[in-house]
Amino acid sequence: MLEKQLEYIRGITDFEPQTAIVLGSGLGSLADDIEAVAKINYSDIPDFPVSTAPTHLGRFVFGYIGTAKVAIMQGRIHLYEGYSPSQAVMPIRLLRKMGAEILFLTNACGGINKELSVGDLMLIEDHISSFVPSPLIGANDDGLGPRFPDMSDVYSKRLRRIITQTALDNGIALKKGVYIQLTGPAFETKAEIKMCSALGADAVGMSTAVEAQAGKHCGFEVCGISCITNLACGVLDKPITADEVSKTAKETMPKFKMLIKESVERMANG
């Protein structure tokens, strides 16, 4: 299936990205800023899952951030949309087939650690994926990666150093922490957030960890940034809404874009 999808992409563009970027909820406008050479809707790709989540346009945008060649997912695939884990990570595997070597994941998520504030950017140092089914379950495709991939260093130390230095050089406050993925689409209960905190999670969301797993499995160098768009249930005594997530993501956009763009250029150049 991946070969058929790659053949379709190559019929439109022979662009070979260095870096693949996945944009989370409310963060898709970064793709509108790049020097684009091609745009392909997911719905046009054979047997490809289609984004149904609000603010996720559902297309690949190929082009340049400075001199860096990028492929951007302007909209991702979530488990809560009814897709299987293998479908949710199909775009990641296809991007690897296109030639990308770095996978830059982003998301909008809830802050669990009380040192996190709404609007913070958090560098993902590790994740907890135990509460969602692994995308690696089932027959292994040895052409993608090994049966039992090592996950001791999912988020590349090299890439984390680059992002940290980029934030420092641009005066961007960057928190660091552990991200936990739950399935959604319901926001978590107070008891679930207490559980996540006890397990060592600093932030919680409905994506990313399965993509990081699949990315590591197929040979990507992986990194990730979370935008803290709300404080998780029980941290503040008020309901959480999707509108709050989108509003905060929009407000955070200037520093988010600056950090992503400059980090990607630095990664591509050394």
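1. A residue is called buried when its relative accessible area is under 20%, exposed when it is over 50%, and partly exposed in between (1.4 Å probe, protein chains only). F60, at 0% relative accessibility, is therefore buried. The model is predicted: local features need pLDDT of at least 70, side-chain atom pairs count only at pLDDT 80 or more, and totals for chains, interfaces and linings use all residues. Residues are numbered from 1 along each chain as its sequence is written, and side-chain values use heavy atoms, with hydrogens and water left out.

2. Aromatic rings. Rings of Phe, Tyr and Trp (its six-membered ring) pair if their centres lie within 6.5 Å; planes under 30 degrees apart are stacked, over 60 edge-to-face, and the rest tilted. The structure holds 6 aromatic pairs. One of them joins Y42 and F48, and is tilted, with 5.3 Å centre to centre and 55 degrees between the planes. Y42 has a relative accessible area of 0% and so is buried; F48 is buried too, at 8%. Y42 also pairs with F60, edge-to-face, at 5.1 Å centre to centre and 70 degrees between the planes. This pair links distant parts of the chain, 18 residues apart: Y42 is in the loop between β2 (35-41) and β3 (59-65), and F60 is in strand β3. Helices (H or I, at least four residues) and strands (E, at least two) are DSSP runs, numbered from the N terminus. One aromatic cluster is formed by F15, Y42, F48, F60, F62 and Y64.

3. Strand β6. Of the 8 residues in β6 (residues 121-128), 6 are buried. Two strands pair if DSSP finds at least two bridges between them. β6 runs parallel to β7 (residues 174-181), joined by 7 bridges, and L123 has K176 as its bridge partner in β7.

4. Helix α6. This helix (residues 209-217) is largely enclosed by the rest of the structure, because 8 of its 9 residues are buried. Among the buried ones are V210, E211 and H217. The buried residues pack against β1 (19-22), α3 (90-97), β5 (102-111), β6, β7 and β9, where contact means heavy atoms within 4.5 Å. G219, which follows α6, has a positive phi near 100 degrees.

5. Residue D202. D202 lies in the loop between α5 (190-199) and β8 (203-205). Which side chain does D202 join through a polar contact? The partner is the side chain of N113, at 2.9 Å. A polar contact is a pair of N or O atoms within 3.5 Å; within protein, one must be able to donate a hydrogen and the other to accept it, and residues adjacent in sequence count only if both atoms are side-chain atoms.
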